[in-house]
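I opened a new model today and kept short notes. Here is what I looked up, entry by entry.

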Amino acid sequence: MKVTMVATGYVGLVSGACFSEFGHDVVCVDSDERKIAALNRGEIPVFEPGLDAMVAANTEAGRLTFTTNLGESVAASEVIFVAVDTPSRHGDGYADLSYVYAAVDDIAAHVQDGAVVVTKSTVPVGTGSELAERIGQRLAELGRDISVSVASNPEFLREGSAIEDFKRPDRVVVGAEDEATHATIARLYRPLSLRNVPMVHTSRETAELIKYAGNAFLATKITFINEIADLCEQVGANVQEIARGIGLDGRIGSKFLHAGPGYGGSCFPKDTRALLGIAEQADVTLPIVDAVVSSNESRKKRMADRIIAACGGSVEGKTVAVLGLTFKPNTDDMRESPSLDIIPALLEAGASVQAHDPEGMREAAPLLPDTKLMTGPYEALEGADVVVIITEWNVYRALDLPRVASLMNQPIMVDLRNIYTAAEMQQAGFTYYSVGREAIS
Ligand code: UGA
């Protein structure tokens, strides 16, 4: 099938590459000429394992191309995906749809009769119907007597494992208002349905809300275990054993029960806030989601206090080594990362901070201008009074602990991802604080 993917952001690029891998002819369109020129040279603007190889292979096979010419590719496509950014609007947290509107206005001028316009961007409930109306009006203004349908096909991929998630999803959700549109999208995903991946066919509104409800539920699960972790620390219980003890109950499930410094990234914080905005507009209160948002925000802010407490109540004049800056491993994404709350608070309290991240330092540099970015983890540890693990990158999971201790002024670790065990830290002579587990001194 011929497919246009509008916007080459994270979701657009991964989805476009994966659809071409499924055998479709995909044109990725972006108005940013420099980005398209870079993609045509094989340069991938985001760090995502396996994406560069997949883009190269499908470009080489002629199934994946990049262009700034939206009209030409839209006119030739049966399916046009809108995967533009929907940032949080300042002030109210509601998703800003201006890029979506601009994209569909352009699409309406070129789209062919019978084509399907599909939103892949996360959009508020009702947007699909609004876009259908908007496209209808644009077509009428342009005197184009054709019929175009609008569908919702939300994306559930995770940064760092996006390709695997796209090729082996738990389910594919399709929201549309007529059988023919459902059938067109089902054809696109035929390689998956042949492998028995469940296809969930719903109305547009339901598909749009599935995306928000899914992310809000996962954010709730993380926030719940983080709150239980706080309680564990006070009553001498172990949150990892609790996560295992409850996660083995099939009704609860073991995933997304890792306690940590609070969730970040471009999705959970934005989508939970947007869901509250959607509910407010519908005159409905969502007290659970509301509590999750504020619990997570205050948690990220409180993490610096733990580090200060680990240093005896003050970091004034002390050196803090930070390992991991991105919101999670295997990405260079810094959006809403806990490090952006923790490090400024430590600097404010008089510490100097030496940090390392395997992939995120280029993104981090302008956001954390007063942090010394070091070439490797051991460089960051030199002369440190405390080391803090913020992101659980693999390279930090097997540090040479005697070497770490010898580089530091004093062997104190605050492990916000619970990647070490109390026993190994005790053996290595560390004072060790983690999340929801007993401290070792
Ligand atoms: C999330 C969802 O997992 C995807 O299904 C969804 O498609 C995506 O948002 C989106 O809406 O586009 P992502 O933000 O890439 O994906 O990352 P996650 O792996 O979900 O992690 C989000 C945050 O939660 C990270 O800061 C991570 O450290 C934290 N987390 C996750 C925990 O603290 N504990 C856990 O058990 C799991």
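**Entry 1: Asn215**

I started with Asn215, which sits in helix H10 (residues 204–235). The model is a predicted one. Is Asn215 buried or exposed? I found a relative accessible area of 9%. The cut-off for buried is under 20%, so Asn215 counts as buried. Next I listed its contacts. Leaving out residues up to four places away in sequence, Asn215 touches Cys267, Phe268 and Asp271.

**Entry 2: nonpolar cores**

I then turned to the cores. In soluble globular proteins, nonpolar side chains tend to be buried together. Here the largest nonpolar core has 36 residues. Val14, Phe19, Phe66, Phe81 and Tyr189 have the most contacts inside it. Which helix gives the most to this core? I found helix H1 (residues 10–21), with six residues.

I followed up on Val14. Not counting residues up to four places away in sequence, Val14 touches Glu48, Leu51, Leu157, Ala162 and Ile163. Another core, of 34 residues, lies apart from the largest one. Val239, Ala304, Met334 and Ile412 are among its residues.

**Entry 3: H13 and H14**

Last, I checked a helix pair. The axes of H13 (residues 287–310) and H14 (residues 339–348) come within 8 Å. They cross at roughly 45°, which makes H13 oblique to H14. The crossing of these two helices is right-handed. H13 makes the contact through Lys300, Lys301, Met303, Ala304, Ile307 and Ile308. From H14 come Asp341, Ile342, Ala345 and Leu346. I sorted the contact of H13 with H14 by class: seven residues are nonpolar, three are charged and none is polar.

Definitions and conventions
Residues are numbered from 1 along each chain as its sequence is written. This is a predicted model: local features need pLDDT of at least 70, side-chain atom pairs count only at pLDDT 80 or more; totals for chains, interfaces and linings use all residues. Side-chain values use heavy atoms; hydrogens and water are left out. Axes are lines fitted to C-alpha atoms, for helices over the stretch in contact, and angles run from 0 to 180 degrees between N-to-C directions. Helices (H or I, at least four residues) and strands (E, at least two) are DSSP runs, numbered from the N terminus. Angles under 35 degrees count as roughly parallel, over 145 as roughly antiparallel, 65 to 115 as roughly perpendicular and the rest as oblique. A crossing is left-handed if the near helix is turned anticlockwise from the far one by less than a right angle, and right-handed if clockwise. Contact means heavy atoms within 4.5 Å. Ala, Val, Leu, Ile, Met, Phe, Trp, Tyr, Cys and Pro count as nonpolar, Asp, Glu, Lys and Arg as charged, and the others, Gly among them, as polar. A nonpolar core is a set of buried Ala, Val, Leu, Ile, Met, Phe, Trp, Tyr and Cys residues joined through side-chain atoms within 4.5 Å. Buried means under 20% relative accessible area, exposed over 50%, partly exposed in between (1.4 Å probe, protein chains only).
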